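Open the model in your viewer and keep the sequence panel beside it. This tour goes stop by stop: what to select, then what is there.

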Amino acid sequence: MAKEAHTPGPWGIYRQPLRGRIHACWELARLVFGTASFVRSMPMIVGEDRKCTAVTGCGEKSEANARLIAAAPLMLEALQVATDALDGVPDDLDSQICCHGHECGCRGSTNRDLLVCDLRAVIAKARGANQ
């Protein structure tokens, strides 16, 4: 598999407490000045309303990170469709495996069930569950 251009995961969310808009600008400026591999563009992810949803920085992986984040809604939708489709398909892999602790409501007894369980866990994380 080719080396990914984006920042390797897992990624997390850090919430910086802000005192106001000026402080927000200061924090963004601090991050820009702290970027070791500065490039002269700053990718911004925008929604249909053309408002900024996220800024990925100004480093060498910023463009690839922006593409990944911009694709996230489509990936989430595809995961949901795949999960729903797998959940309705009989499992022909009869190996019995116990579920590994996700609270997703899966039966957790076969390989397919575990895959559906994992997909549900990813979907839940993307939707902000259990934070």
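Start with the cysteines. The disulfide count is zero, where a disulfide is a pair of cysteine sulfur atoms within 2.5 Å. Select Cys25: this residue is exposed, at 52% relative accessible area. Now select Cys58, which is buried at 2% relative accessibility. Here buried means under 20% relative accessible area, exposed over 50%, and partly exposed in between, with a 1.4 Å probe and protein chains only.

A note on what you are looking at. This is a predicted model, where local features need pLDDT of at least 70, side-chain atom pairs count only at pLDDT 80 or more, and totals for chains, interfaces and linings use all residues. Residues are numbered from 1 along each chain as its sequence is written, and side-chain values use heavy atoms, with hydrogens and water left out.

**The whole chain**

Zoom out and colour by secondary structure. The protein chain has three helices and two strands. Along the sequence they run α-β-β-α-α. Helices (H or I, at least four residues) and strands (E, at least two) are DSSP runs, numbered from the N terminus. Of the 131 residues in the chain, 19% are buried.

**Before α1**

Select Gly9 and Pro10. A cis peptide bond joins the two, with omega about 0°. Pro10 sits in the segment before α1.

**Helix α1**

Go to α1, residues 21–33. Show the side chains of Glu27 and Arg30. They form a salt bridge, and their closest N and O atoms are 2.7 Å apart. The salt bridge count is one; the rule asks for a side-chain nitrogen of Lys or Arg within 4 Å of a carboxyl oxygen of Asp or Glu. Both residues lie in α1, three residues apart, about one turn of the helix. An α-helix has 3.6 residues a turn, so residues three or four places apart point the same way. Buried or exposed: how does Glu27 count? Glu27 is buried, at 13% relative accessibility. Arg30 is partly exposed, at 44%.

**The loop from α1 to β1**

Next, select Gly34, in the loop between α1 and β1. Gly34 is exposed, with a relative accessible area of 59%. The C-alpha atoms of Gly34 and Gly59 are separated by 9.8 Å, and the two residues are 25 apart along the chain.

Stay in this loop for Met42, which lies between α1 and β1 (44–46). Met42 is partly exposed, at 35% relative accessibility. With Met42, they make a nonpolar surface patch of about 320 Å². Patches are made of residues with over 30% relative accessible area and no salt bridge; like charges are joined within 9 Å, and nonpolar side chains (Val, Leu, Ile, Met, Phe, Trp, Tyr) within 5 Å. The areas come from the Shrake-Rupley method with a 1.4 Å probe, and for residues only the protein chains shown count as cover.

**Between the strands**

Select Arg50, in the loop between β1 and β2 (52–55). Its phi is positive, about 65°, although Arg50 is not a glycine. Arg50 is exposed, at 66% relative accessibility.

**Helix α2**

Move to α2, residues 62–87. The helix has 26 residues and should span 38 Å at 1.5 Å a residue; its end C-alpha atoms are 36 Å apart, which agrees. The expected span is 1.5 Å times one less than the number of residues.

Where does α2 kink? Look at Ala72, shortly before Pro73: the kink there is about 45°. The bend at a residue is the angle between axes fitted to the seven residues ending there and the seven starting there. Buried residues in α2 include Ser62, Asn65, Leu76 and Thr83.

**Helix α3**

Finish at Cys117, in α3 (residues 111–126). Cys117 is buried, at 0% relative accessibility.
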